[in-house]
Structures are given as structure tokens and as C-alpha cells.
Amino acid sequence: MGLVTDQTALVTGGAAGIGRATALTFAVEGAKVVVSDVDDKGGAETVAKIEKAGGTAMYVSADVSKPDAVKTLIAKAVAAYGKIDCAVNNAGIEGKIMPFTDQPEDNFDAIIGVNLKGTYLCLQAEIAEMLKSGGGTIVNLASIAGLIGFPGLSPYVASKHGVIGLTKNAALEYAKEGIRVNAVCPGGIDTRMLDSLADQATSGAQSSAEMMNPLHPMGRIGTPQEVANLIVWLCSARAAFITGTAIPIDGGYVAQ
Ligand code: NAD
């Protein structure tokens, strides 16, 4: 308890999955939380869960791929809570699994637009605010697909490799201004996104756990809470000397 007491945290894609678990964990650890998403119903549910547990949170609807929406999101967060100490750029989409040469341009554009450009737009706006308030910490959601390739997922893999590049550059450019920027690289995590990928890969024949458990050396996929624990710890003072990293949280997947 109390890893981020009295701090303000922003979580994009906070309506479900890893983002929801992260928003709830920030609140349990003492932060006021701005939950953002395009899924307004899910976002409101996350806020309700935080408030029911005694925490403080607000919801702001924003599509991270749209520059004006991101600017408005950051302005609303600062207007409500004064500053942004911790920001988690988590919103993401998986898109379609297809061989490289069959990938339609609109699938590439959509995935790059949300996962890579969305992270870029959020980083720009968050860093600008953190420079005004004297520093902060940012965690970007990359993936093991930011470290290695996955056949059929070329736009997603490209977007997540790009997120790690943005992470390194932002960390280097603002290390002296008190802003730490890191990426986390989850393996298979039990969320809607993994269900969608398993459905596409097996035409519904296998659940995400059936398909993905054996691929992980620990014999199981991870939970959103396990990723949330790493993210909130990275945002806390316990991780004060960590910046520019891309940390796998994958049950040993990329060690293979
Ligand atoms: P999820 O689909 O459960 O949640 C993603 C959230 O992002 C949803 O609430 C969705 O509405 C929101 N979102 C989508 N497009 C958006 C947009 N344009 N603007 C704002 N919000 C938007 O997925 P998840 O598994 O919780 O994924 C969270 C992050 O973790 C993603 O970046 C994903 O790529 C990454 N990740 C997931 C896994 C996994 O196995 N689940 C593994 C590695 C990385």
C-alpha cells in the first residue's frame, strides 16, 4: 500500500484488461486516477470500481490516435488534478492475423495509428506537462512482440518495436528533466485481446489459455494484475534509477 500516495496517474485504455487492472492498482497504492478510453461504458465501470474501493478517479473519453483528443485529455486531467505524475500509455489494438503479403493497408494504418502514433501523441502531451510540473514517470505498453517477431502479426509487431524505440528516445531526451520513461513487454495475458488472437489463430477451436499456456516456459499465461504490479512499481520511487528499459513480463517466453 502507498507506493504512489498523493500522486496523479493517467491510464489510457483503462476500460478493460491490463489498463483496468493498472488503474485499480494505482488507486489502491494511493494515486488519483484519470481513466481514459474509447469504451465509455467500460471506462465508467473502472471508475465505479475504484470509487467503491474508496479511491478517487475520473473518466475522460479519448481516442489516442487523434491529436486533438489527446490534447483535450491531458488538459482535462491537469484541470482536475493539477498535474500528471504517472502516465501509462496502454491503449492498443491487435488487428487481423494475416500473412505479410496479404495484410491490407487499412489494418496496418489502424494498428500503427493507435499503438504507435497514439503512444507518440500521448508521450508528447504528457512530457510537455511533466516539464511544467518538474518531472514524472511514464510506462508504455510494448509487448514480447516488440522484442521478437510473430508470423501473421506484422503490423502489430512493427508497432510494438516502434513503441520501444519511442521509449528509448523519450527517456534519453528527458532523463535530466526528472522524467523516466520505460516500456513493459507482456507475454500472453488473460484479456479480451488475447481471446481475439486465439480465436483468429484457431478459428475458435482453442481458448487463449489452451493455445498460449504451453508456449510459455512457466506453462501459463499471465494475469492483468501481474502486469499492473510491474507498471505501478516502475512508476514509483522504488524504481528511481530505471529509465529507457523494455522489461519482459512473460513467464520466460523471450528467454527461449
Ligand atoms: P484489451 O483489448 O482488453 O484493452 C485495450 C483497451 O484499449 C480497451 O479498453 C480498448 O477500448 C482501448 N482502446 C482501443 N483503441 C483505443 C483508442 N484508439 N483510444 C483509446 N483507447 C483505445 O487489451 P489488453 O490485453 O488489456 O491490452 C492492453 C495493452 O497491452 C495493449 O497495448 C496491448 O497491445 C498490450 N499487450 C497485451 C498483451 C496480452 O496478451 N493481452 C500482451 C502484450 C501486450
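Biologist: So which residues come nearest to the ligand?
Modeller: This is a predicted model, so keep that in mind. Of the 29 residues around the ligand, the nearest are Asp37, Asn90, Tyr156, Ile189 and Thr191.

Biologist: And how do those residues around the ligand divide into nonpolar, polar and charged?
Modeller: The shell has 16 nonpolar residues, eight polar ones and five charged ones.

Biologist: How much of the ligand does the protein bury?
Modeller: The protein buries 93% of the 840 Å² that the ligand exposes when taken alone.

Biologist: Where is the ligand, in terms of pockets?
Modeller: The space it takes is the largest pocket. That pocket has a volume of about 980 Å³.

Biologist: Which elements give two or more residues to the shell around the ligand?
Modeller: Those are helix 1 (17–28), helix 5 (154–174) and helix 6 (192–202). Helix 6 has the largest share of the shell, with three residues.

Biologist: Now the lining of the largest pocket. Which element gives the most there?
Modeller: Helix 6 again, with five residues. At least two residues each also come from helix 1, strand 2 (32–37), helix 5 and helix 7 (208–212).

Biologist: How many residues line the largest pocket, and which lie nearest its centre?
Modeller: There are 43 lining residues, and Gly92, Tyr156, Thr191, Met193 and Leu194 lie nearest the centre. By class, the lining has 28 nonpolar, 10 polar and five charged residues.

Biologist: Switching topic: how much space lies in the second largest pocket?
Modeller: About 170 Å³. Its lining includes Tyr120, Leu123, Gln124 and Ile127, as well as Leu166, Asn169 and Glu173.

Biologist: Which elements give two or more residues to that lining?
Modeller: Helix 4 (105–133) and helix 5 do. Helix 5 also gives at least two residues to the lining of the largest pocket.

Biologist: And what classes of residue are in the lining of the second largest pocket?
Modeller: Seven are nonpolar, two are polar and one is charged.

Conventions
Residues numbered from 1 in each chain as written. Predicted model: local features only at pLDDT ≥ 70, side-chain atom pairs only at ≥ 80, totals over all residues. Heavy atoms only, no water. Near = heavy atom within 4 Å. Areas by Shrake-Rupley, 256 points an atom, 1.4 Å probe, with all protein chains shown as cover. 1 Å grid on protein atoms, 1.4 Å probe; cavity = no way out; pocket = protein on both sides within 12 Å on 5 of 7 lines; lining within 4 Å. Sits in = over half its atoms within 2 Å of the grid points. Helix = DSSP H or I, 4+ residues; strand = E, 2+ residues; numbered from the N terminus. Nonpolar A, V, L, I, M, F, W, Y, C, P; charged D, E, K, R; others polar. Points joined across faces, edges and corners; volume = space filled by probe spheres on them.
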